[in-house]
Amino acid sequence: MKFSDFFHAWLHESYYKNAVSIGKNGDFFTAVSVGNLFGTLLAKHFLNLIDKKILQLPLELVEIGANEGYLSRDFLAALLELRPEIFSQISFFVIEPHEKLRTLQKKTLEGVEFTHKNSLKECHFKNAFFFCNELFDSFACELIDHDKMAFVENFKLIFKNMDENLITKCKALNLKKGELSLELENFFKDLNQTCERFIFAGFDYGTLNPQSFSLRIYQKHEVFSPFEVSLKDFFGKSDLTYNVNFTHLQKLIKEYDFKPLAFKKQSLAFMDFGFEDLLEYTKNKNIKTYESFLSQAKILFFNFDEKFHFFEFQKN
């Protein structure tokens with residue numbers, strides 16, 4: 001089978017479907033695992049967009065790839081603290097195809113009124129704010145090595161000639177070796193058809209103009225190369241991921257005539273979201289929260305690779 005089909009079966013028919021744990025007791029950390037500072041800063045950014053009239057109320061608030069639902073919980077809790085009156089103008093949605101994760105999300109978001117959707121295809125949003133963390137690195141990808149692409153036979157990677165369509169796509173991206181996600185292209189198509197207007201805010205790790213494989217396996221916070229281990233030993237039981245091709249992302253934003261609003265390192269985005277103002281606010285109101293945010297900030301600013309980026313784009 002094509003590697004993209006193998007990738008999808010690994011992550012979405014096995015790993016995520018079984019509602020894996022993320023954080024200390026899981027295979028990997030995300031910024032959400034650190035604590036509620038991440039969601040609080042994103043909420044401040046969301047309110048800034050409204051105050052600057054870049055985003056208009058009323059609107060649909062949508063998280064994709066919520067896993068246990070902690071980011072939504074922290075985001076909504078911050079809105080409740082900073083501007084509770086806004087809830088009368090917001091409809092909240094979580095896009096989640098996996099039933100076990102839906103159950104976890106309902107538990108995490110107990111008391112919150114929201115609607116689950118299986119996919120973008122079954123939605124229609126008039127004016128939405130999307131947010132996600134490490135979503136695109138879970139999209140199925142092909143492994144490209146010049147004029148060849150990866151297939152999997154008996155859990156072994158083999159490379160065969162790829163078709164002209166893929167060759168054309170790779171040339172357009174100047175991609176000679178690395179990952180190529182056609183699922184990302186399908187996602188943009190669905191996003192455009194689903195929404196009349198939106199702002200999409202995402203966080204992911206990736207690079208511009210990649211020219212090498214970044215595919216890797218995470219198991220209990222250890223990293224393994226899929227080219228050096230038995231894939232059968234890890235299949236469906238460990239995380240499989242790669243660096244997002246930000247050149248591809250930017251190309252799609254341009255092709256759909258979306259307006260790019262931001263592309264910057266995650267740590268810089270946190271500062272722009274109002275980290276210093278948030279510290280000042282909490283220092284005067286709740287010293288324990290202030291100290292907690294300081295502790296979380298040390299991890300978010302210094303323990304995450306510089307490949308982590310914030311990106312934001314808009315459809316008017």
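Helices (H or I, at least four residues) and strands (E, at least two) are DSSP runs, numbered from the N terminus. The structure is a predicted model, in which local features need pLDDT of at least 70, side-chain atom pairs count only at pLDDT 80 or more, and totals for chains, interfaces and linings use all residues. Residues are numbered from 1 along each chain as its sequence is written, and side-chain values use heavy atoms, with hydrogens and water left out.

A pocket is an open set of points on a 1 Å grid over the protein atoms alone, where a 1.4 Å probe fits, with protein on both sides within 12 Å along at least five of seven lines; lining residues have an atom within 4 Å of a point. The second largest pocket has a volume of about 240 Å³. Its centre is closest to Glu81, Tyr281, Thr282, Thr289 and Phe293, out of 14 lining residues.

In helix α10 (residues 266-273), Gln266, Ala269, Phe270 and Phe273 are buried, that is, under 20% relative accessible area with a 1.4 Å probe, protein chains only. These buried residues fall within an arc of 105° seen down the axis of α10, so they line one face of the helix. Gly274, with a positive phi near 110°, follows α10.

Elsewhere, an open antiparallel sheet is formed by 3 strands in the order β11-β10-β12; strands pair if DSSP finds at least two bridges between them. β10 (residues 216-219) pairs with β12 over 3 bridges, and Ile217 has Leu240 in β12 as its bridge partner.

Note on methods:
Buried < 20%, exposed > 50% of the residue type's maximum accessible area, 1.4 Å probe, protein only. Arc of directions from axis to C-beta. Points joined across faces, edges and corners; volume = space filled by probe spheres on them.
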